[in-house]
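Here is a friendly walk through one model, told in questions and answers. Have a look at the structure first, and then we can go through it together.

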Amino acid sequence: MTEKRESGELIGLAESLVSYGRVNGSDEVEVSIIDDSEFSVDVRLGKIESLVEAGSRYLGLRIIKGKKTAYASSSDLSEDTLQNLVKNAIKRADLANPDEFAGLPPFSDNKFDFTSLKLFDSEIRKLNSKTKISLAIETEKIALKDKRITNSHGSSFETREIKSILANSNGFIQEYEETFYSLSLGLQAGDTDYKVEDFWSSSKRHLKELEPPEEIAKKAVARTVRQLNPRKIKTQKAPVIFEPMMTSWLLGLLFACVSGVSIYQKASFLVDKLGEKIGNKRITVYDDGLIPGKLGTRPFDSEGVPIQKIPVVEKGTLKNYLCNTYAARKLKLKSTGNAYGTGVGPNNFYLQAGKMSPEEIISSLDKGLILTRTIGHGLNPVTGDISRGAFGLWIEKGEIAYPVSEITIAGNLQNILNHIEMVGNDLEFRSSVSGPTIKIQELTIAGE
Amino acid sequence: MLYNANIKERIAIPLENLQKILNIALSSGGDFSEIFLEYKMYNSINMEEDILKETAESISLGLGIRVISGEKTGYGYTNDLSLEKIKKVALTAASIASGKLQKNSSFLNSFPIKHNFYPVLNPAHKESLEKKILLVQKAYQTAQNFDQKIKKVKVSFIDQIQYVTVVNSEGFMVSDIRPLIKLVCLCIAEKSQKREAGFSGGGGRVGLEYFQSELKPEEIGRDAAREALNLLEAVLSPAGELPIVLAPGYSGVLIHEAVGHLLEADFIRKKTSIFWNKMGEKVGNDQVNIYDDPTIPHFRGSYNTDDEGTVPKKTPLILKGKLTGLLQDRLSAKLMKKPLTGHGRRQDYTCMPIPRMSNTYLDKGEYAPEEIIKSVKKGFYAHKFQGGQVEDSGKFTFSVSSGFLIEDGKLTVPVKQATLIGTNVDILNKIEMIGSDLVFGLQTGTCSKEGQEVPVTDGCPTIKISRMTVGGME
């Protein structure tokens, strides 16, 4: 089912709804259409568990009338349903209150260079189901050869092909296509009552960039077995090294706190901090949606605002909040091209790499924790307070001594940003939020 | 609303065509085929910064076709309901099997729902937007006027109506209509540079009458404001191992994470759950009785039929400390040769059903709540929770947004933001006292598993756990 509706047909539908909205009394209209095809296969213990192949379409609509906003969406793309939705939205807009900040971004005559962004990989149409299934089977098979692995959560291979169309009444009309591939594996090791588990996965826009089965199996095994025979440690304050995935998690929290929506809602500890030092000189964070081929790369945001490279924190100084058009107007700023659905989201949000290798960082530590995994919730963006269940490796004299589990780490993001002592050189864009290994001077670790 | 008249038409596919599609789905030799039809309407209202900012309406329409062949499942879905397209989806799902048609689908018989667990007086989707806006405004104004320190309020109302029909090759056909509403309030309080957030809400599979008779919007606003104000006075949580008392209601999250997930049959069948070889064994003391009940009237997690057409049953998971039951879906029940319990749920037509919880709770015990608190010399009282997470190995955490210190048998200093962590088998054994005050948490919860979100509730009485690691800062 990889057949696509003719692209002209969907663009035509978007355009006709924009004018239908205008004719029926809306001042501004925005229509977005997503046409999505997915394939996924899950295998476990050498056998296929499930295979999904499907396509779906989804239409989103924004109506602004007299500075009053109404949204609608539908997966039913029949003409009468959509026209009714538009008319109903116009009626609903009347019931909202006028909001001087509401409205579409102004028209920009931007020329988009879709090819240089490398969003689409045509291999996707050549790849047959057999190859896809065998990638997943192969990955798990390699891992299960390791005798320390006692069970498998299975391996999955997934592909997605998405066409996005955006049209608005200010004259914007564009479409682009993108592809995604991902291969993942989850494992367990240890006896029944003392099981440990972890996973590894690779997600890319281009098949040839995907980590091969051997690599994924190797990493999933290593990550799982290194947790075997964990100890509990005493409650204490100690230095903590964050592995890149953990740094990404921390940066996700930072993103929530620099999001223009959190700022105007006063739901962030970074309110009124623009231009101020919010961390030490080691911290430089960008949001750059123009890096070719990365997962968060896109030509324009969900309102049609062109993407740029935005400095968020430079050497510890907060430079920009990340905004959609609405949040920007509220804060008397410019949209940074971070509109994502009706809210705000990251493009490629990352902490700039430093010079030290992860090995150097670890060997610098006399005593402390390498944080490898967290579970649970536990961020309060309003205060920056963090508290999570944690897993890690205990370091003594620069070397890994033993794994630890059933601990929690707690700290405050504000404080952490001021106490990052080392930044690693191992930045990889594994998701739309990424960072290298970092060392933090001290966190509270709760154990026994 | 505009669409009521033609909902039936939207997902009405003539019986003979359904029969045809089920057969196409079996054409490569699958053992079982099924069609899940869904039509869902959703409305939301959002108020913040003193204005009614926006409303939204959403329509979701589509079907999913599943074919089971041995242990394998093929799945396809579409929101294009032309017969030609549906046949294609059926063929795709069919290809999970590789052989010839074994037997045709049985003749379809419609099974009416026996019990309606959510009869509703004033279905929200039929009520005017103005009426719903009024509810939002009431909660908003109450929160805002509660105290000068309340600086931001955000209130949302969401209503949803989901029409589902399940037909399968065993000749079974059943439909359910599921209303679901919620009103939620978030407040931010400020005092000398300090800022804290409070949250409250309510709803369920109810009509608008709920906000008159059960829970007034004003109460939701007050509750959220009160929490934000309380947190302004709270200190950082202690860190280390302490005796814990869990407040009734919100603490049900612990039961959901520490017990419920690990008794979902797929994890047991795959032997990834730490419980897989412990059925019938004693895992907690005699006071511990845990149930999952999809039939509690008007609860968020309830349903008249699960998403595979099975009649739901109140299912005991732990009785007198012994592991007794599992949450089953069709696939796991068949492979394990166990009876169905009606816990096969899915987020929507794009998803395969998997074993899920509905309304999960630890049943009441015999101790008075005050007696439990009095028994602790120095400990931690966990009051409100943001959520939790568990992995199959039994390690779980849950995040406490507010609590108190217990000193000499009394609640003293308010405490904020802490994480509790433990291993389920260990914690079950450490439950020392169970209160007589069973309460369910807010009717606003959602559970996520394998990327699928479904509405759930959970509940518990006051509980004392002898020791548990509290992750705080001090």
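A residue is called buried if 20 or more other C-beta atoms lie within 10 Å of its own, exposed if 12 or fewer, and partly exposed in between, with C-beta atoms placed from the backbone. This is a predicted model, in which local features need pLDDT of at least 70 and side-chain atom pairs count only at pLDDT 80 or more, while totals for chains, interfaces and linings use all residues. Residues are numbered from 1 along each chain as its sequence is written, and chains are lettered from A and ligands numbered from 1 in the order in which they are written.

Q: Is K118(A) buried, exposed or partly exposed?
A: K118(A) lies in the loop between α2 and α3 of chain A; helices (H or I, at least four residues) and strands (E, at least two) are DSSP runs, numbered from the N terminus. Its phi is near 50 degrees, a positive value in a residue other than glycine. K118(A) has 16 other C-beta atoms within 10 Å, so this residue is partly exposed.

Q: Is Q417(B) buried or exposed?
A: Strand β18 (residues 410-423) of chain B holds Q417(B). Although not a glycine, Q417(B) has a positive phi of about 40 degrees. With 27 other C-beta atoms within 10 Å, Q417(B) is therefore buried.

Q: Is P105(A) buried or exposed?
A: P105(A) is found in the loop between α2 and α3 (129-144) of chain A. It touches E303(A), G304(A), V305(A), T325(A) and S335(A), not counting residues up to four places away in sequence; contact means that C-beta atoms, placed from the backbone, lie within 7 Å. Because 24 other C-beta atoms lie within 10 Å, P105(A) is buried.

Q: Which element gives the most to the side of chain A that touches chain B?
A: In total, 63 residues of chain A are in contact with 68 residues of chain B. Elements that each supply at least two residues to that side of chain A include β3 (68-74), α2 (79-95) and β2 (47-65). The one that gives the most, with 11 residues, is β2(A).

Q: In β3(B), which residue is the bridge partner of V52(A)?
A: β2(A) pairs with strand β3 (residues 72-78) of chain B in the parallel sense over three bridges; strands pair if DSSP finds at least two bridges between them. In β3(B), the bridge partner of V52(A) is Y75(B).

Notes: Contact = placed C-beta atoms within 7 Å.
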